[in-house]
Amino acid sequence: HCFEVYGYDILIDNNLKPWLLEINDSPSLTTTTHADRIMKMELISDTFDIVVHKEFPEFVEKYAVIFV
């Protein structure tokens with residue numbers, strides 16, 4: 001099994017209409033601000049929640065400390 005994370009760049013105009021600018025097949029997970037770090041850590045956590053079952057033993061042992 002495999003999965004990919006895509007990054008979507010969207011611009012919202014004055015009429016609140018969304019415009020898709022680009023789709024990144026390899027979005028950067030580096031962080032430059034505290035808010036950026038929180039957002040990307042939540043993205044990684046949510047991705048694991050979807051992809052890996054919470055009761056999978058290796059996941060709990062290996063990653064539980066990271067997302068506390």
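1. Start with Tyr6. Its relative accessible area is 40%, so Tyr6 counts as partly exposed. Tyr6 sits in the segment before β1. Keep in mind that this is a predicted model.

2. Which residues make the nonpolar surface patch? Tyr6 is one of them, together with Tyr8, Ile10, Ile12, Leu16, Leu20 and Ile23. The patch covers about 770 Å². Two elements, β1 (7–12) and β2 (18–24), each give two or more residues to the patch. The largest share comes from β1, with three residues. Trace β1 on the structure to find those three.

3. Now turn to helix α1, residues 34–51.

4. Which residues of α1 are buried? They are Asp36, Lys40, Ser45, Thr47 and Phe48. These residues cover an arc of only 165° around the axis, so they lie on the same side of α1.

5. Look next at the face of α1 turned away from the buried side. Exposed residues sit there: His34, Ala35, Met39 and Ile50.

6. Take Thr47 as one example from the buried side. Thr47 belongs to helix α1. Why does Thr47 count as buried? Buried means under 20% relative accessible area, and Thr47 has 16%, so Thr47 is buried. What does Thr47 touch, leaving aside neighbours within four places in sequence? Thr47 is then in contact with Phe3 and Val5.

7. How many salt bridges does the structure hold? There is one. It joins Lys40 and Asp36, and the closest N and O atoms are 3.4 Å apart. The cut-off is 4 Å, so this pair qualifies as a salt bridge.

8. Where does this pair lie? Both Lys40 and Asp36 are in helix α1. They are four residues apart, which is about one turn of the helix. Are Lys40 and Asp36 buried or exposed? Both are buried.

Conventions
Residues are numbered from 1 along each chain as its sequence is written. This is a predicted model: local features need pLDDT of at least 70, side-chain atom pairs count only at pLDDT 80 or more; totals for chains, interfaces and linings use all residues. Side-chain values use heavy atoms; hydrogens and water are left out. A salt bridge is a side-chain nitrogen of Lys or Arg within 4 Å of a carboxyl oxygen of Asp or Glu. Buried means under 20% relative accessible area, exposed over 50%, partly exposed in between (1.4 Å probe, protein chains only). Patches are made of residues with over 30% relative accessible area and no salt bridge: like charges are joined within 9 Å, nonpolar side chains (Val, Leu, Ile, Met, Phe, Trp, Tyr) within 5 Å. Accessible areas come from the Shrake-Rupley method with a 1.4 Å probe; for residues, only the protein chains shown count as cover. Contact means heavy atoms within 4.5 Å. The arc is that of the directions from the helix axis to the C-beta atoms.
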